[in-house]
Amino acid sequence: SISDADWDIDGDMLTNYHEIVLTKTDPRKFDTDNDGRNDGVDDEDRDLLTNWEECVLTKTDPRDPDSNDNGISDYNDDEDGDGLSNGEEINNYYTDPRKRDTDNDRLDDFAEVDEYGTSPILKDTDGDGLDDGVEILDYHTSALLNDTDSDLLTDWEEVVLCDTDPNNPNSKDEYVSDADWDSDNDGISNIDELRIWGTLPNDPDFDDDDLIDGDELILGTDIK
């Protein structure tokens, strides 16, 4: 059950506690000052952050435009010190103004926005299975391209399944692409295992029947 303090009697997005203690608005009235805006989207201190944003997101004083008295408005201040103002985080990037790394990918929100061009709210911007921080900090691959070296294998497939270099399309043999390479020496190329047969390029006997996958194809038996 919800406590009386956490209850929002008037449905204005602010809890009873928020209204009584922080905004000093009427917890039983949807629009205390009758200005046509509910108390949650109103802005008591006129700092461009709504009452709800200050009570819930920035945890600043909704009745003081400069809550910490540092000469910077709560809108332009930077609660988490990540280089993005509270206003930018809330209105432009939809990130958490109190968390330097909103999506927990090991990259600060500012770095994602300003330096890398990645999404600060998606851990894996290019959807290849590797978090942005892992790509940029560990493997030095592009977090914006799911196949950094354009060899038809995703970066994740190269790192996790093929043991090939996601930055080099011919990392095992200069004359053979990583896609055509046979990482597990079972007679089937990496790309065929992944795209045609649905087996693993790092497991020569996918179904553990003591027959190598390539031999099973020759025999006509089921490799899965």
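**Close-up 1. Salt bridge between Arg 106 and Asp 138.** At 39% relative accessibility, Asp 138 is partly exposed (buried means under 20% relative accessible area, exposed over 50%, partly exposed in between, with a 1.4 Å probe and protein chains only). The side chain of Asp 138 forms a salt bridge with Arg 106, and the closest N and O atoms are 2.9 Å apart; a salt bridge is a side-chain nitrogen of Lys or Arg within 4 Å of a carboxyl oxygen of Asp or Glu. Arg 106 belongs to the loop between helix 3 and helix 4 (109-116) and Asp 138 to helix 5 (residues 132-139), so the pair ties together parts that are 32 residues apart in sequence. Helices (H or I, at least four residues) are DSSP runs, numbered from the N terminus. Arg 106 is also partly exposed, with a relative accessible area of 48%. The model is predicted: local features need pLDDT of at least 70, side-chain atom pairs count only at pLDDT 80 or more, and totals for chains, interfaces and linings use all residues. Residues are numbered from 1 along each chain as its sequence is written, and side-chain values use heavy atoms, with hydrogens and water left out.

**Close-up 2. Salt bridges of Asp 42, Arg 46, Glu 44 and Arg 63****.** The structure holds 9 salt bridges. In one of them, Arg 46 meets Asp 42 at 4.0 Å, N to O. Asp 42 is buried, with a relative accessible area of 0%, whereas Arg 46 is exposed at 55%. In another, Arg 63 pairs with Glu 44, with 3.6 Å between the closest N and O atoms. This pair links distant parts of the chain, 19 residues apart: Arg 63 lies in the loop between helix 2 (51-58) and helix 3 (86-93), and Glu 44 in the loop between helix 1 and helix 2. Arg 63 is partly exposed at 43% relative accessibility, as is Glu 44 at 27%.

**Close-up 3. Crossing of helix 6 and helix 7****.** The axes of helix 6 (residues 155-162) and helix 7 (residues 190-197) come within 12 Å and cross at roughly 110°. Helix 6 is therefore roughly perpendicular to helix 7, a term for angles of 65 to 115 degrees, with those under 35 degrees counted as roughly parallel, those over 145 as roughly antiparallel and the rest as oblique. Axes are lines fitted to C-alpha atoms, for helices over the stretch in contact, and angles run from 0 to 180 degrees between N-to-C directions. Glu 157, Leu 161 and Cys 162 of helix 6 meet Asn 190, Leu 194 and Arg 195 of helix 7, where contact means heavy atoms within 4.5 Å. Asn 190, Ile 191, Glu 193 and Leu 194 are buried in helix 7, and their cover includes helix 6 and helix 8 (213-219). Gly 198, with a positive phi near 70°, follows helix 7.

**Close-up 4. Positive phi at Asn 34 and Asp 163****.** Asn 34 is not a glycine, yet its phi is positive, at about 55°. Asn 34 lies in the loop between helix 1 and helix 2 and is exposed, with a relative accessible area of 58%. Asp 163, likewise a residue other than glycine, has a positive phi near 55°. The loop between helix 6 and helix 7 holds Asp 163, which is exposed at 57% relative accessibility.

Technical notes. Helix = DSSP H or I, 4+ residues; strand = E, 2+ residues; numbered from the N terminus.
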